[in-house]
Amino acid sequence: MNEHPNIERIKREYQAFAEDNFEGLGELFSDDAVWHVAGDTPLAGDHIGRTDIVEFLRKLAHDTHDSFMIEVHDILANDLHTVVLAHTTVKRDGECYSADEVHVFCMSEAGLITEAWGFTSEPEGRGQFWF
């Protein structure tokens with residue numbers, strides 16, 4: 001059975017992030033995409049538009065001294081949604097955040113990400129880590 005094309009697209013997104021290829025990462029988002037970050041951390045809020053999203057992700061990599069590691073366990077996809085099951089580990093200022101996460105992406109007919117959310121198994125840990 002062939003993989004859904006959105007699985008390959010999301011794999012490219014995670015690879016681009018891992019390689020600090022933010023230009024390539026930006027190509028996977030629609031111009032008006034929205035990245036939602038829930039919670040009460042300095043990261044919380046909506047990042048609107050390709051440029052804002054890419055800068056948000058670039059800042060994550062910079063602020064964590066490129067220690068932001070995402071181990072993808074599985075990717076599920078159809079024409080409208082792609083879901084990533086992953087384990088994230090991040091180190092910053094001598095602290096470590098490690099949690100299972102679910103990343104949900106809405107996809108356009110053109111295969112671009114139009115909206116994204118991330119959910120963590122450790123919401124309190126994430127809050128403490130970023131303060």
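**Close-up views of a core and a cavity**

**View 1. The largest nonpolar core.** In this predicted model, the largest nonpolar core holds 29 residues, and those that touch the most other members are I10, W35, L57 and F105. Two or more residues of this core come from each of the helices α1, α2 (22-26) and α3 and from each of the strands β1, β4, β5 and β6. The element that gives the most to this core is α3, which supplies six residues.

**View 2. L57 and its contacts.** L57 belongs to the group of core residues that touch the most other members. When residues up to four places away in sequence are left out of the count, L57 touches F17, F22, L25 and W35; of these, W35 is itself named among the core residues that touch the most other members.

**View 3. The largest cavity.** The model has one cavity of 30 Å³ or more, and the volume of the largest cavity is about 410 Å³. Its lining is made up of 27 residues, among which W35, L60, F68, E101 and H103 are the closest to the centre of the cavity.

**View 4. The lining of the largest cavity.** At least two residues of the lining come from each of α1 (5-18), β1 (29-37), α3 (50-63), β4 (81-92), β5 (95-107), β6 (113-120) and α4 (123-130). The largest share, which is five residues, is supplied by β6.

Terms used:
Residues numbered from 1 in each chain as written. Predicted model: local features only at pLDDT ≥ 70, side-chain atom pairs only at ≥ 80, totals over all residues. Heavy atoms only, no water. 1 Å grid on protein atoms, 1.4 Å probe; cavity = no way out; pocket = protein on both sides within 12 Å on 5 of 7 lines; lining within 4 Å. Points joined across faces, edges and corners; volume = space filled by probe spheres on them. Helix = DSSP H or I, 4+ residues; strand = E, 2+ residues; numbered from the N terminus. Core = buried A, V, L, I, M, F, W, Y, C linked by side-chain atoms within 4.5 Å. Buried < 20%, exposed > 50% of the residue type's maximum accessible area, 1.4 Å probe, protein only. Contact = heavy atoms within 4.5 Å.
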